[in-house]
Amino acid sequence: GRKALLITLDLVGIDRGISVAVCSRLIKRHGLERGQILLSTSHTHTGPVVGENLRAMYFFPPGMWQRVEAYTKQLQEKIVTTAGKAFGRLEPARLAWGSGTAGIGVNRRNNTEADVPKLRAGGKLKGPVDHDVPVLSVHDGEGRLVAAAFGYACHATVLSDYKWSGDYPGYAQVFFEQAHPGAVGLFWAGCGADVNPLPRREVELAEKYGRQLAAAVDATLAGEMKPLAARLDSVYREIDLPFEKIPTRAEIEANLKSENRYDQGRARVQLRRLKKDSRLAPTYPYPVATWRLGDELTFVSLGGEVVVDYALRLKRELGQGRAEPGIHRLNHGQQSLHGLVIHLRVASSGSHPTQRRFAAHAPREKVAFIAGAAGGQQCALECIPILNLEMFIRQPSGKGAVIRTHILQAAAQKSGSSIA
């Protein structure tokens, strides 16, 4: 039957190297195609550093990168092992979907942070946001809720200290699981690159927003959820996006002397790449994935830190009410870009940090919209939805990231064509 693997992690993001390494092993071990795997992170800013992700932005003492590399290897092993356990525990299940709302996020480019409480009270917040809370529920053969995957388009930046935390998405998953003993909550990050949880910087606020999000999930589950037919189609493509400008070695070495430490960090990363590959790649393989569940639900997964305009347009393109785009930031998922995937609305202001810090090696902004809905030959399947959950592996506090694995398998009684 058709299988699909969703892995969510409480991390700020993962790099392309981790994505490729993990997916290659999963493909080989379980006979999957790349489109059958979605990797998604919550984008918590208080999680452990992994791999090369955002390396230019970290300034560690000697020996720390070796510890990051050791943890990264452990993390990859845990992901692959968890997926293997999940495939060994498939069982019949019923899937349904719905959508709630949560007013946590505020557009951070249109509202001064200190003024947000007053603006919110007066109904004067500005700028686009996406307050939808899409929910995918899973019940076993006896009708018990065993899992819910849900998303929200807002940074996980309530907290900014150096204590590991899942931020408000972590609290939301914990509160959901407390309310539904034996069930697993899985969070994916939506297109919220320009959306912040405001006000913030207090643990109590992270807990408050987590409760709000969990309450939105519960309200959706208690409402009229739409059953999903046993149909699963998946597509994955990489689009080669050209970089606007490739810096010369002389320019990179000059940046090593910059007063801006982020310029210095980027230069060190680029010199590492030159030493390894003898060149800087002229393009970036930008990942786009879609899953079609049943006849109504489409998940769209985009790489990089994606602004809200993409989600809003996707819903218009796919048809509001027919699709709930689960926009997995596969920077916060499939892989990370060194910078945000910004929209013409943001680029026109000239004030975006991507333009200031990463313009020398960032994708061309004129590619303002990259997405595609699954389409192609329809196939009639007479199947029974089958789900597995290797529920989760939660490491003790301070020992590692939360790994949540969710496998959906449509077991067809007769084969059909996949969407291409």
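The protein exposes about 18200 Å² of surface, and carbon and sulfur atoms supply 51% of that area. Accessible areas like this one come from the Shrake-Rupley method with a 1.4 Å probe, and for residues only the protein chains shown count as cover. Turning from the surface to the inside, 54% of the 420 residues count as buried (buried means under 20% relative accessible area, exposed means over 50%, and partly exposed is in between, with a 1.4 Å probe and protein chains only).

Before going on, keep in mind that this is a predicted model, in which local features need pLDDT of at least 70, side-chain atom pairs count only at pLDDT 80 or more, and totals for chains, interfaces and linings use all residues. Residues are numbered from 1 along each chain as its sequence is written, and side-chain values use heavy atoms, with hydrogens and water left out.

The protein has 10 helices and 16 strands. These are DSSP runs numbered from the N terminus: helices are H or I with at least four residues, and strands are E with at least two.

Let's look at a pair of helices. Helix α1 (residues 16-30) packs against helix α2 (residues 64-87) at an angle of about 30°, and their axes are 10 Å apart. Here axes are lines fitted to C-alpha atoms, for helices over the stretch in contact, and angles run from 0 to 180 degrees between N-to-C directions. The two helices, α1 and α2, are therefore roughly parallel to each other (angles under 35 degrees count as roughly parallel, over 145 as roughly antiparallel, 65 to 115 as roughly perpendicular, and the rest as oblique). Residues making this contact include Ile18, Ala21 and Val22 of α1 and Ile79, Val80 and Phe87 of α2. By class, the contact of α1 with α2 has 8 nonpolar, 4 polar and 3 charged residues. In this grouping Ala, Val, Leu, Ile, Met, Phe, Trp, Tyr, Cys and Pro are nonpolar, Asp, Glu, Lys and Arg are charged, and the others, Gly among them, are polar.

Now move along to α4 and α5. They pack at an angle of about 50°, with their axes 7 Å apart, and are therefore oblique to each other. Among the residues that meet here are Tyr168, Phe175 and Phe176 in α4 and Tyr209, Leu213 and Val217 in α5. The contact of α4 with α5 divides into 13 nonpolar, 1 polar and 3 charged residues.

Asp167 is found in helix α4 (residues 167-179), and its phi is near 55°, a positive value in a residue other than glycine. Is Asp167 buried or exposed? Asp167 is buried, with a relative accessible area of 1%. Arg201 also has a positive phi, near 80°, but Arg201 is partly exposed, at 42% relative accessible area.

Arg201 sits in the loop between β8 and α5, and Pro199 is found in the loop between β8 (195-197) and α5 (203-222). A cis peptide bond joins Leu198 and Pro199, with omega about -5°.

Finally, find Pro227 in strand β9 (residues 226-227). Pro227 is exposed, with a relative accessible area of 69%. Leaving aside neighbours within four places in sequence, Pro227 is in contact with Leu95 and Ala96.

Technical notes:
Contact means heavy atoms within 4.5 Å.
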